[in-house]
Each structure stands twice: as C-alpha cells, then as structure tokens.
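User: I'm new to reading protein models. Could you walk me through this one, a feature at a time?

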Amino acid sequence: MKMFNIPMHNQEMTEAAAAHEKSLEQLTEQLTSCNVFDPEDFQRYHVKRGLRNSDGTGVLAGLTNVCNVHGYVLDEGEKSPIDGQLVYRGVDVTELVRGCIAENRFGYEECVWLLLFGSLPTRAQLDSLRDVLAYYRELPEGFIEDMILRAPCKDIMNKLASSVLALYAYDENPDDTSIKNVLRQSLQLIARMPQIMVASYQVKRRYFDHKSMYVHSPKQEHSMAETILRTMRSNKSFEEEEAHLLDLCLVLHAEHGGGNNSTFVTRAVSSSGSDTYSAIAAGIGALKGPKHGGANLKVIEMLHAIEEGVDNWEDDSQVKDFLYKLVSKEAGDRSGLIYGMGHAVYTKSDPRAVILKENAMKLAGRKGYEAQFRLLDAVERLTPEILAERKGGDKLICANVDLYSGLVYEMLGIPVELNTPIFAVARMAGWCAHRIEEIATGGRIMRPAYKAMSSPKAYVPLSER
Ligand code: COA
C-alpha cells in the first residue's frame, strides 16, 4: 500500500521542477567558468577596478559645485588622513546642523534650496520653497490606487524605483530636459517621495504581513520629517524631538558628492539625454545595494547577530571575538564585511556618523537604547584593529553614517524595511542637483572602455555544434 497518494499531475510537476533545477545548476557552472579573468590582467592593462586609482582614490570623472566630500589631503602624492568634512555648496554640514539646532528649525528644506540653487535661502525663499513642496506633494489622481495598491512589492526600494518610473506616464512633458522642466520634475519628486514610500510600506504591510493598513494625508504646514512620521504612524502623533532627529538624518543623507555609486549612476544616465524618471529610478536601484545605502539595513541585521552571539555586550574581548567571526565569514551574512565600517573617501572619521551619534545619544537614553548604542560604539572602536590585522595595509577605517542610522530609525519606531528608502527620500535632493549639473555642464555621454579579452572562435552552423 502506498504511504501517500501523490496525484500523477503533482509528481510530474515535481520531476519537471527537479529537472529545471538541475539544468539551472549546470548552466550556472557554465556561466561561472566563462566569467573568469586572471587577476593579474587587471594590472597588466591598467584597469581602474571600481573606477579607483591604485591608492584607492576615485578616478576623476567630472567637476562639481554641488558638494565636497573631504577625507584626506594629498601631500606630494601621499594620502594624509584628516577628520572628514562634508560640504554642501561650500557650506560645512556641521555648521548647517548647528545653525538649525540653535534655532530649533527643521533643516532638510534649507538643504534642498542650498543644493539646488547654490546658496543658503533667505527666510522668504525658504517659505516659498516650503509652499511649493506642499503644493507638489499631492500625487497624481489615482496614482496610489493604480501604481501602489494594485501592485504590492516586498521591497520598498524596488517599489520606489518602479513608482518613480511610473510617474513618467503622469507627466505631460516628461522628456523635456530643459533646466526649467527638470527643476519642476525635481521639486515634484522631492515632495512626493515620502508619500510614495509610506504608501508602498503600508501596502506591503497589508499584503505580505497581513497587518492593518492606514493611509493618512499629510498636513500642508509640515516639514518633510514631520510628514514622514505623521503618515507612517497609526495615531499620526510624534514628539518634536523625534521629528528633529529624523530631520537631522535627512540633512545628513541629502547629498554626498558626484562619485558615490547612485549619484554617479544618475549622472551617467543623465549624460545620455534620458528623462528624469529613468535617471532617478536607476539611482534608486544603485542605492539599494548593501555596499551603498542598503548597508543601514545590513547593520541592523549584524547588530542583532552580535546581540545574540555575544553574552556580555560590555565585554570588549567577547565583542572582538564575534567581529573576527564576521570577518572570517563564520557569522552574520557570511560576506566577511563589518557593515557600517569603512568608506571610500573618509579616513579618520565620517562627519555624518559623528554628528548622528552625538545627537542620537540624547534620545537613546530616554528610549532605552543606550546599551545597543554602546555595542555599536564597541564595533566602531574595535573594527579598525581587526581589519588592519586581517587585511594588512595602513588604510584607516572609520565608522560610516550607516553604523548608527539604522538604530536611530529603530528608536524612532520606523520599520526596518524603510531604513534604505528614507535614505532615498533624502538623497533625492542630491541626485536632482547632480542631474541638473550634468545636463547644464556635462555635455558628453559617459562612455568608458572595457578591454576585450576573448580569443577568436570560428562560427559553427547550428546543425554542426
Ligand atoms: N568589513 C570588512 N572588510 C572591509 C570593510 C568592512 N567594513 N571595509 C573595507 N574592507 C576591506 C575591503 O573588502 C577590501 O578588502 P580586499 O582588498 O580583500 O577586497 C579592503 O578592506 C580595502 O577596502 P577599501 O578600499 O577600504 O574599501 P572600498 O573603498 O573598496 O569600499 C566600502 C568602501 C564602504 C564599500 C567598504 O568599506 C564596505 O564594504 N563597508 C561595509 C559596507 C558599508 O558600511 N557601506 C556603507 C558605505 S557609506
């Protein structure tokens, strides 16, 4: 007697699935074997891997007035480390943040003006920008229903990218790349991102997590940070201190030079003459990567792995042992990376991490997150020595902004799925400023070269292969 009566139909399906799996494995092997280079060839042909020079500095790809990411000085060709500086249109972000805190003002809108128009706004200019962002905030009629509700997506970054692409269809003048038209599109995108993000999350929550969904309308007079907190929370309420901390995150993530992966991608697509929605959607896709914006999600996963794997969080030697396991790919996501550490430009410090850590600690005490902040502080202190020992070389490794941003979002009750999307919401200002700069000043399609390495093969007719 048969134990289970599997219908013939299902058995066939199982066999077909197994055969399919096997052929995928075989093709994967073939793919892997045809995608190999001798590592020495990269040096032989002077390939700038990762578009980097041999000392790790980025290949110079353009000029920009938008931002300066300053992490070292070159002294007779030698890199000398310095404390990192982030400068938006000539204004040091640390000063900008200090000014906003001193006057108890929200800073993100000021940043948007500064990044787009090149100087700090007057009171009247700031008020007019707030008005225009409030005016543009409303999504096109039917957009939430047709583009978000009807097409739930597990990953909010993918949903942001597809929503931005979809906005093309609702724009009466989408392909016009005149500065005036791109400015209009940019302001609309900046204003609309929070709503698109929150709606995408709510739909994901309902469809995939089977939880209630709520769609709150934003308030005209609210800042970007307040809009996010109000529309994201079921009871629409938030403390002023929470909104100011989120605003700080938005300011610190608004821009980071032309060479960061997503901005470079946005500039590259812009250089081909493509439309705003295509260029920005590409940038969002790049930001999703765990080596870029996606690192803030990875830090939280790593933090939880450390919490579970280390008995006494206050004991540096135990934390260090676990970090060694991460680097040796024996723990965490087995990538060998300690997320939230290291930076392509910053050496001694990432100013964003310094500012965020300092300001977040105040709220952490009140919200009961002190122990976790101390654990991240231990990661920051202990990692440089571990990486120096394992990787060799004398490159300084500092904490980057992502080490602390994920925990700040958790403390603000922001779901982990929105860690990277919030980065995208903030970075829209920087992407748009760079796109406009590329259109106005670039003038030439970006087109690097790849050395072809394949040896000639004779064409063989299909019947003879
Ligand atoms: N954990 C483990 N190894 C790291 C590391 C980290 N956080 N940061 C750098 N390294 C390694 C690199 O993998 C590289 O090793 P390899 O020579 O065996 O390939 C070596 O140290 C030197 O890398 P470096 O030149 O300093 O880094 P990069 O400029 O190529 O990359 C980052 C910069 C940010 C991508 C890299 O530091 C990283 O992956 N960090 C973790 C992810 C992260 O936090 N990203 C957010 C960036 S804001």
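User: Let's begin with Ser 119. Where is its place?

Analyst: Ser 119 sits in the loop between helix 4 (108–117) and helix 5 (123–136). Helices (H or I, at least four residues) and strands (E, at least two) are DSSP runs, numbered from the N terminus. One caution: this is a predicted model, where local features need pLDDT of at least 70 and side-chain atom pairs count only at pLDDT 80 or more, while totals for chains, interfaces and linings use all residues. Residues are numbered from 1 along each chain as its sequence is written, and side-chain values use heavy atoms, with hydrogens and water left out.

User: Does Ser 119 count as buried, partly exposed or exposed, and which residues is it in contact with?

Analyst: Buried means under 20% relative accessible area, exposed over 50%, and partly exposed in between (1.4 Å probe, protein chains only). Ser 119 counts as partly exposed because its relative accessibility is 38%. Contact means heavy atoms within 4.5 Å. Leaving aside neighbours within four places in sequence, Ser 119 is in contact with Trp 113 and Leu 114.

User: Now a helix. How many residues does helix 12 have, and how far does it reach?

Analyst: The expected span of a helix is 1.5 Å times one less than its number of residues. Helix 12 (residues 276–287) has twelve residues and reaches 17 Å from its first C-alpha to its last, close to the 16 Å expected. At its start, a side-chain oxygen of Asp 275 comes to within 2.9 Å of the backbone nitrogen of Tyr 277.

User: How many residues of helix 12 are buried, and what do they pack against?

Analyst: Here's the general idea: an α-helix has 3.6 residues a turn, so residues three or four places apart point the same way. Helix 12 is mostly covered, with nine of its twelve residues buried. Among them are Tyr 277, Ile 280 and Ile 284. The buried residues pack against helix 7 (156–170), helix 8 (179–207), helix 11 (261–271) and helix 18 (419–442).

User: What about helix 11: which residues are buried there?

Analyst: In helix 11, the buried ones include Ser 262, Thr 263 and Thr 266. The buried residues of helix 11 pack against helix 12 and helix 18. Take Thr 263, which lies in helix 11. Thr 263 counts as buried because its relative accessible area is 0%. Not counting residues up to four places away in sequence, Thr 263 touches Gly 257, Gly 258, Arg 427, Trp 431 and His 434. Just after helix 11, Gly 273 takes a positive phi of about 90°.

User: And the ligand? How many residues surround it?

Analyst: A residue is near a molecule if one of its heavy atoms lies within 4 Å of it. By that rule, 19 residues surround the ligand, and the closest are Arg 52, Ile 338, Gly 340, Met 341 and Lys 395. For polar contacts, look for pairs of N or O atoms within 3.5 Å; within protein, one must be able to donate a hydrogen and the other to accept it, and residues adjacent in sequence count only if both atoms are side-chain atoms. A side-chain N or O atom of Arg 52 is 2.9 Å from a ligand oxygen, and a backbone N or O atom of Gly 340 lies 2.8 Å from a ligand oxygen.

User: Finally, what does the secondary structure of the protein chain come to?

Analyst: The chain has 18 helices and three strands. Buried residues make up 45% of its 465 residues.
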